[in-house]
Amino acid sequence: MSLNCGIVGLPNVGKSTIFSAITSAKAEAANYPFCTIDPNFGIVNVPDDRLKKISSLFNPKETIPAIVEFVDIAGLVKGASQGEGLGNQFLSNIRQVKAIAHIVRCFDDSNVTHVHETIDPVRDIEIINLELALADLDVVEKRLISLEKQLRSQNKKSMESALILKPLLEQLVSCLKEGKPARSLGLNPEEEKAIKDLQLITMKKVLYVCNIDESSLVNKNSYVLAVEEYARQEDSEVIVICGQVEADISTLENEIEKKEFMESLGIKESGLDQLIKAAYKMLDLRTYFTAGPKEVKAWTFKEGNKAPDAAAIIHNDFAKGFIRAEVYSYDDLISFGSEQKVKEGGKLRVEGKEYLVQDGDIIHFLFNV
């Protein structure tokens, strides 16, 4: 399982600059709207100090981190839900991602054009959110129309299904007409499953990313504070990144240089690290490891996954023929210093199909197909 995160925002807020910095990919960026038309894709490694330490103990031939894919989606504008600014194409791209990183301009710079001339991050957020809600409204209303035919169906099962779905769709219409995201309804898992095929954009969780200038790295500016207040009201996360600084970090050759540069600016961790950690938290993602002399590898799983579900992430055969899982924790490995000493200390456990995998578990799956 990999994390797929779409980067969205108005034109000229720094999306492509941030994307290029965190993925070291060359996304086109310029001082005019719609420079980015087709989405750019970048796959980066998930930074995890635990993987490095596990690898140092096993000394494997290969160390493989978990990965995250970022998608730089062209700038949305007012009217995108009606096709303005190639809006239909952009909205289609957003529907394909699992989470949204909404880049918000939180800096003043007369040399960088703003599509609405003035800097107002909350207004910018509301423009995007309204367009996403209107795009979803169109999808839901079309489903309601098709549902009317289903309600007249001679197939009893089909009609009963439509009767259950109709009030839920009507609830969504009321919500989206007010410009509110579908996720604000707090639907239960069964309701979410019922509308999953609609691929509603506003059901996706959103992380607001404040793009600031270097002068605001230490003390938050008023723009950031306004975004934090807005996000608090809808229970969303906020992180702060200086796109230009991230671009500078990405040009440095090694980790030592990067660390020294960040320390000189009072930065404890890079924007990339912040972004991935926040996205993992947002999507309830965790990491387990497999370790041996050939390979040490990090695997991304969903919190609440049982052992066979986690095994299937490696290969479906691991889940189909699942026998048991031999498990110990990262903390125990570091404490004891080797897998053999973990075993001698009685910290290696044998778990069955009902075991809930924990973040930091080191697992060996036994299976038979």
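Keep in mind as you look around that the model is predicted. The largest cavity has about 40 Å³ of space in it. What lines the largest cavity? You can pick out I100, N129, L132, P181, R183, I201, T202 and V206 around it. Sort that lining by type and you get five nonpolar residues, two polar ones and one charged one.

The largest pocket has about 1,200 Å³ of space. Its lining is made of 37 residues, and P47, D48, E255, S270 and D273 are the ones nearest the pocket's centre. Which elements give two or more residues to that lining? They are α1 (15-23), β2 (40-45), α2 (49-58), α8 (243-250), α9 (255-265), α10 (271-282) and β8 (285-291). By type, the lining of the largest pocket splits into 15 nonpolar, six polar and 16 charged residues.

Next comes the second largest pocket, with about 810 Å³ of space. Here 23 residues do the lining, and those closest to the centre are K98, E192, K196, M203 and K204. Helix α6, which covers residues 189-194, gives the most to this lining, with three residues. In the lining of the second largest pocket, you'll find ten nonpolar, three polar and ten charged residues.

Time to zoom in on single residues. Find strand β4, residues 67-72, and go to D72, which belongs to that strand. D72 is buried, yet it has no salt bridge.

Our last stop is S236, in the loop between α7 (222-233) and β7 (237-241). Is S236 buried or exposed? Its relative accessibility is 14%, and buried means under 20%, so S236 counts as buried. The side chain of S236 also makes a polar contact, this time with the side chain of E234, at 2.9 Å.

Terms used: Residues numbered from 1 in each chain as written. Predicted model: local features only at pLDDT ≥ 70, side-chain atom pairs only at ≥ 80, totals over all residues. Heavy atoms only, no water. 1 Å grid on protein atoms, 1.4 Å probe; cavity = no way out; pocket = protein on both sides within 12 Å on 5 of 7 lines; lining within 4 Å. Points joined across faces, edges and corners; volume = space filled by probe spheres on them. Nonpolar A, V, L, I, M, F, W, Y, C, P; charged D, E, K, R; others polar. Helix = DSSP H or I, 4+ residues; strand = E, 2+ residues; numbered from the N terminus. Buried < 20%, exposed > 50% of the residue type's maximum accessible area, 1.4 Å probe, protein only. Lys, Arg positive; Asp, Glu negative; His and termini not counted. Salt bridge = Lys/Arg side-chain N within 4 Å of Asp/Glu carboxyl O. Polar contact = N/O pair within 3.5 Å; in protein donor to acceptor, adjacent residues only side chain to side chain.
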